[in-house]
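Me: I am new to this structure. Please take a close look at its charged side chains and how they pair up.

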Amino acid sequence: MAEDSIFTKIINREIPSEILYEDEYCIAIKDIAPKAPTHVLVIPRREIPKLVDAKAEDQELLGHLMLATAKVAKQLGVDDAFRVIINNGSGAGQTVFHLHIHILAQKNFSESNLGF
Ligand code: AMP
């Protein structure tokens, strides 16, 4: 069996992390190497490696993650201006192969680059 992802280890409290939100289906943690003053990751408990690996039966979970993302943005007080990013594949910068949504805020979004 494949080893648990680093995010599953965080979810299982095997390694420490700053947990900001959690519910039955997902967890939100502070990114360990923030690319913006607010940089949070919303992570499903179910270990889907990449967005393209999501199946029809994950539809409800994906919707839940979006709603959780909005909830976390509100909780953090950044709901007026935040950016949501999912990196899919190493070519797009994905480094942890357990689906996660980046929430980035309090950054100058007028910068033209699409990176963080
Ligand atoms: P990605 O490049 O889209 O796969 O994003 C992975 C993110 O996970 C990066 O922004 C990392 O800084 C972050 N990260 C990696 N390990 C940890 C950790 N132990 N706790 C919190 N964030 C992490």
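Reply: A salt bridge here is a side-chain nitrogen of Lys or Arg within 4 Å of a carboxyl oxygen of Asp or Glu. The model is predicted. By that rule it holds five salt bridges.

Take Glu22 and Arg13. Their side chains form a salt bridge, 2.5 Å from N to O. Glu22 is partly exposed, with a relative accessible area of 34%. Arg13 is partly exposed too, at 47%. The pair belongs to a network: salt bridges link Arg13, Glu22 and Arg45.

Next come Glu18 and Lys30. Their side chains meet in a salt bridge at 3.4 Å, N to O. Glu18 sits in the loop between helix H1 (6-11) and strand S1 (19-22), and Lys30 sits in strand S2, so the pair ties together parts twelve residues apart in sequence. Glu18 is partly exposed at 44% relative accessibility. Lys30 is partly exposed at 41%.

Lys9 pairs with Glu3. The closest N and O atoms of this salt bridge are 2.3 Å apart. Lys9 counts as partly exposed, at 21% relative accessibility. Glu3 counts as exposed, at 60%.

Now for a charged residue without such a partner. Asp31 lies in the loop between strand S2 (26-30) and strand S3 (38-44). Asp31 is buried, yet has no salt bridge. The nearest side chain of opposite charge is Lys35, 4.5 Å away. The Asp31 side chain does reach the backbone nitrogen of Ala33, at 2.8 Å. Leaving aside residues up to four places away in sequence, Asp31 touches His39, Val40, Leu41 and His102.

Note on methods
Residues are numbered from 1 along each chain as its sequence is written. This is a predicted model: local features need pLDDT of at least 70, side-chain atom pairs count only at pLDDT 80 or more; totals for chains, interfaces and linings use all residues. Side-chain values use heavy atoms; hydrogens and water are left out. Helices (H or I, at least four residues) and strands (E, at least two) are DSSP runs, numbered from the N terminus. Buried means under 20% relative accessible area, exposed over 50%, partly exposed in between (1.4 Å probe, protein chains only). Lys and Arg count as positive and Asp and Glu as negative; His and the chain ends are not counted. A polar contact is a pair of N or O atoms within 3.5 Å; within protein, one must be able to donate a hydrogen and the other to accept it, and residues adjacent in sequence count only if both atoms are side-chain atoms. Contact means heavy atoms within 4.5 Å.
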